[in-house]
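Subject: Structure for your review

Hello,

The structure is pasted below, followed by notes on what was found in it. Please read the notes alongside the coordinates.

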Amino acid sequence: MTTIKKIQILIVVMIVALPVYSFAQEKITGLQIIENVYNRQTGNDMQSDLTMSLTNSRGDERVREIKQFIKEFDESEKKIMFFVLPADVRNTSFMNWSYDEVDKDDDQWIYLPALKKVKRISSDSKSDYFMGSDFTYDDLGDRKPTQDNHKLLREEKVDGEDCFVVESIPKDEEYMYSRTVSWIIKDKWIGMKKEFYDEDEEHLKTLIVKKYEKIKDYWIILHSQMHNVQKDHTTDMELENVIIDSGIPDRKFTERIMKRGL
Amino acid sequence: MKRIILEGIIILLFIVSYSSAQSPSFTGYVRNYTGVLLNGENDYAIIQNTFNLNIEDSKDMVAFKVNPYIYQYPDKELNLYLREAYLDIYFNAVDLRIGKQQIIWGKADGVFITDIVSPKDLSEFLLRDFDEIRIGITALKADYYLGNNTFEFVWIPKFTATKMPVDSSIWCPKLDFPIKPIFDYSQKEVGNSLKNSEYFAKYSVLSSAVDFEIMAGYMWDDDPTMHIEKIIDSSTSKLDSLFITPKHHRLGLVGGSFSTTLGSFVLRGEGAYYSNKYFNSENPTLSDGTAEKNYLHYLVGVGCTLWDININGQFIQQAILDYDEQIVNDKFDNTLTFLVSKDYLRETLRLELFSYIGLNNSDALIRPKITYDLVDGFELLSGANIFVGNEGNFGRYDNNDMIYTKIKYSY
């Protein structure tokens, strides 16, 4: 094929593809953007060391360390966490099974070494703060896109990244946030910034993603910071020793391993 | 004796100092526990210092844990104990645990229905933390796993009884006899032989819909039955002497428990059928003052979170079957437990109220407490134990109302 012919084909492809691309860009909705973020591929399984640093308004810091394992199953995602620090919660473990089925609640269990017992707990309180941090369970990614109405507000550049700005208003009027505004990086589907507004429409918290990396073809958030602007708390959440698609066995997500520990 | 304890402490200190460079993990806590009675004299209910050490290590398919601990009281010698010392062997679908261990079954909180494998240390009634109430027993435990199903078998070669408070303790139950009895302890011990072993089996499932356990046991009653022989003076027809012979009896039981969620509620149930339990009776035709009966012990409970407050309630009933009116125990013994708790200051401050309520005797044990983590791993706890009523399991300790503090450093 001659060079001229190649150029002709390329021009034809561009002429055909450009309007399609523009059409797709115009038609993307707030819901689609948030679904893309929710469904962003992060591998079939992942293990990592999670460090949460809780800093109060006086600058005092408390540190929680967790070893966590996550795996995708046919119709569910299973997660098991082992608490390492502080010392008084060491060997406590937590297991969560979340389901693709929209109306099905998560199943959650906690193993308390002092009681030597695995206890089923209710997963209904998604608005509870996780281990005293500024992240609720919903903030950590458990909230399903269909629980909110989403609206694409605008597109803008933040820190050199082209972002969609999406406003999400919960369908449940009793929910702890009246609305959230997210800045989503267009080509990576990472929410790099998110503002949370309380029931009185006052600015409550801001989430900023400080570090993300491509690991095994997946974009993984490695450091995020949640700042409660009303109480001037912050929680830094950092992932280290991230291993993706190592083939974590199914039996890792069982009562046996909760009791046995790391 | 003192030398042995001292040597034990030196070994522990050596182990701890050695720990930083070696792979076994060394965790535990140091705690001061001081309690004052709310009687007129404000006597100390307890002054106790505790050093608790967990040494654990694992390598491929094997692991071990040793949990020595020391209780130190100002007016007593040091007491060095071993709560657990066991070895684990992990196969593909089977885990074996051999040695001294605590084995906890059931879904109930603070109630012992199917949770009867490890006996209880009631030296301070039910006031100790739950990991301190259970006595470690030497056992072989085998678990076979099939998906989320677990089959568990326990063999206990040597029986261990409930540890009761010493006679001088404020927690020693006051026995009400018309004359001073003569105790015969000759039959109290269960012989040290293979035929006196205890056996337990359990099948459990953890699933999306429900968690449940089915269990059975062939065991010794952890609490001795008081066999009573009365000698009547034939000339006066009055009670001349009273002989009491404590004796443990064999018990058989089958039971089960479940736990599930219904929206924001967690529902729990647990029950067991005990056969051949001996109860004390005032029936004069019974030669030793005891009657052998079967009984049911069961519980239903519910828990939820409302306005960030954790709320849990349980109703427990013990029912003696084929009841004889002259049995000392009530035909139905009903108890409620109630727990409310709430966390503040990013889960560093916790308020909690736990209570047992005896419905038969209108008595109760009310346990409010406040816990604050001054820094991570350093906990300050202040609480009270209030006994309400004059009789019953809780009312009989009406004079033992107390306030206490616990200061604990976990490492």
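The contact between the chains takes 24 residues from chain A and 28 residues from chain B, two residues being in contact if their C-beta atoms, placed from the backbone, lie within 7 Å. On the side of chain B that touches chain A, the elements giving two or more residues are α2 (130-133), β14 (250-262), β15 (265-280) and β16 (290-306) of chain B. Helices (H or I, at least four residues) and strands (E, at least two) are DSSP runs, numbered from the N terminus. By class, that side of chain B has 13 polar, eight nonpolar and seven charged residues. Here Ala, Val, Leu, Ile, Met, Phe, Trp, Tyr, Cys and Pro count as nonpolar, Asp, Glu, Lys and Arg as charged, and the others, Gly among them, as polar.

This is a predicted model: local features need pLDDT of at least 70, side-chain atom pairs count only at pLDDT 80 or more, and totals for chains, interfaces and linings use all residues. Residues are numbered from 1 along each chain as its sequence is written, while chains are lettered from A and ligands numbered from 1 in the order in which they are written.

Chain A has four helices and 13 strands. Of its 262 residues, 26% count as buried (20 or more other C-beta atoms within 10 Å of the residue's own; exposed means 12 or fewer, partly exposed in between; C-beta atoms are placed from the backbone). Among contacts in chain A between residues at least 6 apart in sequence, 40% join residues at least 24 apart.

Strand β13 (residues 233-244) of chain A pairs in the antiparallel sense with strand β1 (residues 45-55) of chain A over nine bridges; strands pair if DSSP finds at least two bridges between them. L239(A) in β13(A) stands opposite L50(A). Strand β12 (residues 218-228) of chain A is also antiparallel to β13(A), over six bridges, and H223(A) has E238(A) as its bridge partner. β12(A) and β13(A) form a hairpin with four residues between them, and D232(A) in the turn has a positive phi of about 55°.

In chain B, an open sheet of three strands runs β9-β13-β12, with mixed pairing. β9 and β12 (225-233) of chain B are at the edges, each with a single partner strand, so one side of each lacks a neighbour in the sheet. β12(B) pairs with strand β13 (residues 238-247) of chain B in the antiparallel sense over nine bridges, and K230(B) stands opposite L242(B).

F183(B) lies in strand β9 (residues 182-183) of chain B. F183(B) counts as exposed because 12 other C-beta atoms lie within 10 Å. The C-alpha atoms of F183(B) and H227(B), 44 residues apart along the chain, are separated by 9.9 Å.

Regards
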